[in-house]
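Please keep the sequence and the model in view while reading.

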Amino acid sequence: MVRPKIFTNLFVATIVVLAMDFFIKTVFTDKKGFLIDYTENYGGLFGLFSNYTFLITLGSCLFLVLLIAYYFGINSKIQFLRKLDYNLKDKRKGLLNLSLVLLISGTFSNLVDRVFFGYVR
């Protein structure tokens with residue numbers, strides 16, 4: 001049976017990380033008093049494939065769906081998703097969940113930036 005507490009914790013942690021990410025991006029967009037350069041990334045990794053924004057956005061959507069499916073698979077006992085459960089010990093499972101929260105939050109944040117701004121801030 002699916003454990004709702006774990007999914008609630010994932011959702012809350014993801015919202016907190018997303019809020020922090022959007023706040024930090026907003027603060028550094030002002031470019032006042034910081035020693036960090038503001039850049040706009042129109043492509044993928046380090047600006048590669050900047051002419052293929054639609055494909056990068058589509059790839060981000062697919063990656064986000066796969067991350068969420070993987071998270072549900074390792075934290076549930078649903079038969080067809082159970083194959084993803086590698087019987088991790090509690091410490092390693094917690095670290096994996098934290099990693100997935102950060103990956104999901106970052107991917108979603110970049111996806112929102114691409115959809116609304118056309119680039120990643």
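Asp21 and Lys25 both belong to helix 1 (residues 4-29), and because they are 4 residues apart there, about one helical turn separates them. In this predicted model, the two side chains form a salt bridge in which the closest N and O atoms are 3.4 Å apart. The points below follow Lys25 from this pair to its other partner, and then turn to the protein as a whole.

**The pair within helix 1**

- Asp21 has a relative accessibility of 24%, so it counts as partly exposed, whereas Lys25, at 10% relative accessibility, counts as buried because the cut-off for that class is under 20%.
- Side chains of opposite charge can pair when their charged atoms come close.

**The link between helix 1 and helix 3**

- Lys25 also forms a salt bridge with Asp113, and here the closest N and O atoms are 2.5 Å apart.
- Asp113 lies in helix 3 while Lys25 lies in helix 1, so this pair ties together parts of the protein that are 88 residues apart in sequence.

**The surroundings of Asp113**

- Asp113 is placed in helix 3, which spans residues 90-117, and its relative accessibility of 0% is why it counts as buried.
- Leaving aside residues up to four places away in sequence, Asp113 touches Phe22, Lys25, Gly118, Tyr119, Val120 and Arg121.
- With Arg121, one of these contacts, Asp113 forms a salt bridge across an N to O distance of 3.4 Å, and Arg121 itself is partly exposed, with a relative accessible area of 23%.
- Through shared partners, the salt bridges join Asp21, Lys25, Asp113 and Arg121 into one network.
- The count of salt bridges comes to 3.

**The protein as a whole**

- The protein has 3 helices and 0 strands, and its elements, read along the sequence, follow the pattern α-α-α.
- Of the 121 residues in the protein, 27% are buried.
- Among contacts between residues at least 6 apart in sequence, 65% join residues that are at least 24 apart.
- The protein exposes about 8800 Å², and carbon and sulfur atoms supply 70% of that area.

Terms used
Residues are numbered from 1 along each chain as its sequence is written. This is a predicted model: local features need pLDDT of at least 70, side-chain atom pairs count only at pLDDT 80 or more; totals for chains, interfaces and linings use all residues. Side-chain values use heavy atoms; hydrogens and water are left out. Helices (H or I, at least four residues) and strands (E, at least two) are DSSP runs, numbered from the N terminus. Buried means under 20% relative accessible area, exposed over 50%, partly exposed in between (1.4 Å probe, protein chains only). Contact means heavy atoms within 4.5 Å. Accessible areas come from the Shrake-Rupley method with a 1.4 Å probe; for residues, only the protein chains shown count as cover. A salt bridge is a side-chain nitrogen of Lys or Arg within 4 Å of a carboxyl oxygen of Asp or Glu.
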